[in-house]
Amino acid sequence: MNKIFNTPTEFSLRTLLMLSVQTSPISLERIYLYDFMVCFSKIFNIALHNLHGNSSLAFSQLSLRRTFTKKGLQILIQKGLITATSTEHGFVYAINNNGINIVNSIESEYKNEYIILAEKIYKNFHHKNDIELQQLVSKKSIKLEGGIL
């Protein structure tokens, strides 16, 4: 049986959903941190439950999430669903019309809930730069270390 969870393909689909709610291109760091915040939005006081359930190991997934998100971005670029732009601070990514068409063709409750949470995350945290966002996630990790989410 093919593995579908915690793969670059899964992360590429969630990245498309994430990019569909952004108003401007964003970095790899912001993509994987926002995705983590969406999946575990209860930790960040955005939702009453975590989209991916409760896990005492949630924060241990961060480095793996970055790796899979990076591979997912490569897949999305190769398939012509997003664009990458080089800036003085590194690459930033944005969804294009092909990617938007894919997002619009997906009909699922998970997609709907993910997008609602992604919009809330964006609204609450878009003013932070990537370093501040990383610090916020790190502080939550330290605060919740050893606790159940």
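The structure is a predicted model, in which local features need pLDDT of at least 70, side-chain atom pairs count only at pLDDT 80 or more, and totals for chains, interfaces and linings use all residues. Residues are numbered from 1 along each chain as its sequence is written, and side-chain values use heavy atoms, with hydrogens and water left out.

I begin with the chain as a whole. Its secondary structure consists of six helices and two strands. Here helices (H or I, at least four residues) and strands (E, at least two) are DSSP runs, numbered from the N terminus. In sequence order the pattern reads α-α-α-β-β-α-α-α. Of the 149 residues in the chain, 42% are buried. Buried means under 20% relative accessible area, exposed means over 50%, and partly exposed lies in between, with a 1.4 Å probe and protein chains only. A contact means heavy atoms within 4.5 Å. Among contacts between residues at least 6 apart in sequence, 69% join residues at least 24 apart.

I turn now to helix H1, residues 8-19. The expected span of a helix is 1.5 Å times one less than its number of residues. The buried residues are Glu10, Phe11, Ser12, Arg14, Thr15, Leu16, Leu17, Met18 and Leu19. What covers them includes H2, H3, strand S1 (82-87), S2, helix H4 (97-105) and helix H5 (109-125). Leu13 also lies in H1, but at 41% relative accessibility Leu13 counts as partly exposed. The C-alpha atoms of Leu13 and Leu73 are separated by 9.6 Å, although the two residues are 60 residues apart along the chain.

Leu73 brings us to helix H3, where it is one of the buried residues. Seen down the axis of H3, the buried residues fall within an arc of 150 degrees, so they line one face of the helix. That arc is taken from the directions from the helix axis to the C-beta atoms. On the face turned away from the buried side, H3 carries the exposed residues Ser63 and Gln78. The 17 residues of H3 should span 24 Å, and its end C-alpha atoms are 24 Å apart, which agrees. After H3 comes Gly80, with a positive phi near 70 degrees.

Two residues in the loop between H2 and H3 deserve mention. Which of them is buried and which is exposed? Asn45, placed in that loop, is exposed, with a relative accessible area of 65%. Asn45 also has a positive phi of about 60 degrees although it is not a glycine. Most residues other than glycine have a negative phi. Asn50 lies in the loop between H2 and H3 as well, but at 4% relative accessibility Asn50 counts as buried. Asn50 and Cys39 are eleven residues apart along the chain, and their C-alpha atoms are separated by 6.0 Å.

Finally, the largest pocket. A pocket is found on a 1 Å grid over the protein atoms alone, as an open set of points where a 1.4 Å probe fits, with protein on both sides within 12 Å along at least five of seven lines; lining residues have an atom within 4 Å of a point. The largest pocket holds about 360 Å³ of space, where a volume is the space filled by probe spheres set on the points, and points are joined across faces, edges and corners. Its lining comprises 23 residues, with Ile26, Ser27, Phe91, Val92 and Asp130 nearest its centre. The elements giving two or more residues to this lining are helix H2 (28-39), helix H3 (62-78) and strand S2 (90-95). By type, the lining residues divide into ten nonpolar, nine polar and four charged. Nonpolar covers Ala, Val, Leu, Ile, Met, Phe, Trp, Tyr, Cys and Pro, charged covers Asp, Glu, Lys and Arg, and the others, Gly among them, count as polar.

Ile26 is in the loop between H1 and H2 and, at 6% relative accessibility, is buried. Beyond residues up to four places away in sequence, Ile26 touches Leu19, Ile31, Tyr34, Val92 and Tyr93.
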